[in-house]
Amino acid sequence: MTLVFAGISSHAPGITGRAHMAEPAVVQEFHGAYFRMGERLAAARADALILVSAEHFANFFMSNMPAFAVGMASDYEGPIEDPQWLGIARRKVPGDADLSKRLISEMMQTVDVAYAEEWKFDHGIMVPLHFLTPRYDVPVIPMNINCQGPPLTPLHRAWAFGEAIRRAADAAPQRIALVGAGGISHWPATPDSGKINEAWDREFLEAWKANDKSAMLSYTDAATYRDAGQGGFEIRAFIAIAAAARGHGTVQHYRPIPIFSVGCTVASMDIGR
C-alpha cells in the first residue's frame with residue numbers, strides 16, 4: 001500500500017493543559033479543527049499512524065541523542081508528564097512492533113535511524129493523539145527527529161528522512177497515515193514564552209503548502225533561533241511530512257494563541273506520486 005493521509009499539527013502542552021485559560025471561542029475553533037483532522041484521518045481507514053515529532057528530553061538526553069529514532073514496541077505509555085498538568089489521562093497506546101521493524105529495515109537503506117523498544121510518550125505525541133485518535137484505537141509508530149540538542153539534525157537530512165518514510169510506507173502492505181507534530185515559532189520554557197512570530201509562521205506555511213523544498217531547506221538554525229525561538233527548530237517534523245507526501249498542502253487552521261505559547265496549526269497535504 002502507501003500513505004493514505006498526511007498532515008501537520010501543533011503539539012504544545014498548553015493546547016490541552018491551559019485550554020481553560022484561553023477565550024472559549026478561540027479554543028473551540030482550534031480544538032474543533034484539530035478534531036476534524038482526526039475525523040479525516042479516521043475516514044482514511046489507516047491501519048497505523050506514523051507520528052513524527054520532537055522529543056523533549058523525556059527519553060533521549062545529551063548522553064544519547066540520536067538524529068532520528070523510531071519506536072519498535074507493541075505498546076507505549078503516556079503522558080510521561082503529570083496528567084493533571086497536561087490535561088490528558090495516562091494510558092497505554094497500541095503500537096505495531098512488526099510493522100515498525102519492517103519500516104525501520106527499509107528506511108535504514110538510506111537513512112541511519114536508532115530504534116527504541118521502550119518509549120514514554122510526552123506531550124509531543126500525546127497532545128496530537130488526544131485529538132487525532134481519541135479512542136486510541138489506531139496503532140502508533142513514533143518517530144523522533146532531534147530538534148532539541150545541538151548539533152541538530154540538518155534540514156536536508158530531515159527531508160531525506162521523509163523520503164525514506166515514504167519509500168518504506170510504499171513497500172508495506174498496510175494503509176499508513178502520517179502526521180508531523182511540533183511548533184512553528186515559539187519560545188518554550190523561557191522568559192519569552194508566549195511570544196509568537198506570526199509573520200514568520202505564515203511565511204513558512206506558505207512554503208510548506210507549496211511543498212517548496214528549496215524554500216523550506218533555506219532556513220538556518222541561527223536565523224530560526226533569532227526569529228522563531230528554539231521551538232522553531234521543530235519545523236524539521238513538518239519538512240519530513242512534505243518530503244514524504246510529495247503533494248500540496250492546505251491549512252485548515254492557523255492562529256497565534258499566546259496562552260498556548262505557539263502558533264496553533266492544523267494542516268493537511270495531498271499524497272502525490
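**Exercise 1. Cis peptide bonds**

Task: In this predicted model, locate Pro151 and describe the peptide bond that joins Pro150 and Pro151.

Solution. 
- Step 1. Pro151 sits in the loop between β7 and α6.
- Step 2. Look at the bond itself. Pro150 and Pro151 are joined by a cis peptide bond, with omega about 5°.
- Step 3. Most residues other than glycine have a negative phi, and most peptide bonds are trans.
- Step 4. Now look at Gly78 and Pro79. The bond from Gly78 to Pro79 is cis, and its omega is near 0°. Pro79 belongs to the loop between β4 (75–78) and α3 (83–86).

**Exercise 2. Positive phi**

Task: Find where Tyr136 lies and where Asn211 lies. Then decide: is Tyr136 buried or exposed?

Solution. 
- Step 1. Tyr136 is in the loop between α5 (123–132) and β7. Its phi is positive, about 50°, although Tyr136 is not a glycine.
- Step 2. Asn211 is in the loop between α7 and α8 (213–217). Asn211 is not a glycine, yet it has a positive phi of about 50°.
- Step 3. Apply the cut-off: buried means under 20% relative accessible area. Tyr136 has 11% relative accessibility, so it counts as buried. Asn211 has 16%, so it is buried.
- Step 4. Check the residue after α10. Arg246 follows α10, and its phi is positive, near 65°.

**Exercise 3. The sheet**

Task: Give the order of the eight strands in the open sheet. Which strands stand at the edges?

Solution. 
- Step 1. Read across the sheet: β6-β3-β7-β2-β8-β1-β10-β9. The sheet is open, and its pairing is mixed.
- Step 2. Find the edges. β6 (114–116) and β9 (249–257) each have a single partner strand, so one side of each is left without a neighbour in the sheet.
- Step 3. On average, neighbouring strands are turned by 15° against each other, direction ignored.

**Exercise 4. Strand β2**

Task: Which residues stand opposite Leu51, Ile50 and Val52? How many residues of β2 are buried?

Solution. 
- Step 1. Start with β8. Strand β2 (residues 48–53) and strand β8 (residues 176–182) run parallel, joined by five bridges. Leu51 stands opposite Val179, and Ile50 opposite Leu178.
- Step 2. Turn to β7. β2 and β7 also pair in the parallel sense, over five bridges. Val52 faces Met143 in β7.
- Step 3. Recall the rule for side chains. In a regular strand they alternate between the two faces of the sheet.
- Step 4. Sort the residues. Ala48, Ile50 and Val52 point one way from β2, while Leu49, Leu51 and Ser53 point the other way.
- Step 5. Count. Six of the six residues of β2 are buried, so β2 is largely enclosed by the rest of the structure.

**Exercise 5. Two helix pairs**

Task: At what angle do α7 and α10 pack? At what angle do the axes of α4 and α6 cross?

Solution. 
- Step 1. Helix α7 (residues 198–209) packs against α10 at about 20°, with the axes 11 Å apart. The two are therefore roughly parallel to each other.
- Step 2. The crossing of α7 past α10 is right-handed. Trp200, Phe204 and Trp208 of α7 meet Ile235, Phe238, Ile239, Ile241 and Ala242 of α10. By class, this contact has eight nonpolar, no polar and no charged residues.
- Step 3. Check burial in α10. Eleven of the eleven residues are buried, so α10 is largely enclosed by the rest of the structure.
- Step 4. Helix α4 (residues 97–107) and helix α6 (residues 155–171) have axes that come within 9 Å and cross at roughly 125°. That makes α4 oblique to α6.
- Step 5. α4 passes α6 in a right-handed crossing. In α4, Arg102, Leu103, Glu106 and Met107 make the contact; their partners in α6 include Phe161, Ala164 and Ile165. The classes are eight nonpolar, no polar and three charged residues.

Terms used. Residues numbered from 1 in each chain as written. Predicted model: local features only at pLDDT ≥ 70, side-chain atom pairs only at ≥ 80, totals over all residues. Heavy atoms only, no water. Axes fitted to C-alpha atoms, helices over the stretch in contact; angles between N-to-C directions. Helix = DSSP H or I, 4+ residues; strand = E, 2+ residues; numbered from the N terminus. Parallel < 35°, antiparallel > 145°, perpendicular 65-115°, else oblique. Left-handed = near helix turned anticlockwise from the far one by under 90°. Contact = heavy atoms within 4.5 Å. Nonpolar A, V, L, I, M, F, W, Y, C, P; charged D, E, K, R; others polar. Pairing = 2+ DSSP bridges. Buried < 20%, exposed > 50% of the residue type's maximum accessible area, 1.4 Å probe, protein only.
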